[in-house]
Amino acid sequence: MKQGIIETISVRHVGRLLKEAELQPHASRYWLTPPVDEEFDAKVKDISDLYLTAIERAQQG
């Protein structure tokens with residue numbers, strides 16, 4: 001309605017559309033507010049190091 005796509009829509013109809021599309025926004029964390037993971041950088045480094053090691057081993061033959 002705010003975007004001018006439709007004039008009106010009921011809450012019930014929105015609920016039916018979400019159910020039909022199998023969407024449950026109330027049951028998921030929003031992507032804009034991910035959980036804080038203080039070990040994120042360390043995890044990324046571990047994974048990156050693993051990839052680099054795999055590439056080096058593949059090049060060795």
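**Values and criteria**

Author: This is a predicted model. Its chain has a radius of gyration of 23 Å, whereas a compact globule of 61 residues would have one near 10 Å. Along the principal axes, the C-alpha trace spans about 65 × 30 × 20 Å.

Reader: What share of the residues of the chain counts as buried?

Author: Of the 61 residues, 0% count as buried. The term requires a relative accessible area under 20%. The accessible surface of the chain comes to about 6,600 Å², and 58% of that belongs to carbon and sulfur atoms.

Reader: How do you know that the span of α2 is close to expectation?

Author: Helix α2 covers residues 40-60, which is 21 residues. The expected span is 1.5 Å times one less than the number of residues, so 30 Å is expected for α2. From its first C-alpha to its last, α2 reaches 31 Å, close to that value. The chain has two helices and zero strands.

Reader: Why is G61 called exposed?

Author: Exposed means a relative accessible area over 50%. G61 has 95%, and is therefore exposed. G61 follows α2 and has a positive phi, near 110°. The C-alpha atoms of G61 and K19 are separated by 53 Å, and these residues are 42 apart along the chain.

Reader: Why does E22 count as exposed?

Author: The relative accessibility of E22 is 72%, and the cut-off is over 50%, so E22 counts as exposed. E22 is found in the loop between α1 and α2. Its phi is near 55°, a positive value in a residue other than glycine.

Reader: Which residues form the nonpolar patch on the surface, and why does M1 count as exposed?

Author: The patch is formed by M1, I5, I6, I9, V14 and L17, with about 530 Å² of accessible area together. M1 is found in the segment before α1 (11-20). At 54% relative accessibility M1 lies over the 50% cut-off, and therefore counts as exposed. Nonpolar side chains are joined into a patch within 5 Å.

Methods
Residues numbered from 1 in each chain as written. Predicted model: local features only at pLDDT ≥ 70, side-chain atom pairs only at ≥ 80, totals over all residues. Heavy atoms only, no water. Helix = DSSP H or I, 4+ residues; strand = E, 2+ residues; numbered from the N terminus. Buried < 20%, exposed > 50% of the residue type's maximum accessible area, 1.4 Å probe, protein only. Patch = residues over 30% accessible without salt bridge, like charges linked within 9 Å, V, L, I, M, F, W, Y side chains within 5 Å. Areas by Shrake-Rupley, 256 points an atom, 1.4 Å probe, with all protein chains shown as cover. Salt bridge = Lys/Arg side-chain N within 4 Å of Asp/Glu carboxyl O. Rg over C-alpha atoms; globule rule 2.2 N^0.38 Å.
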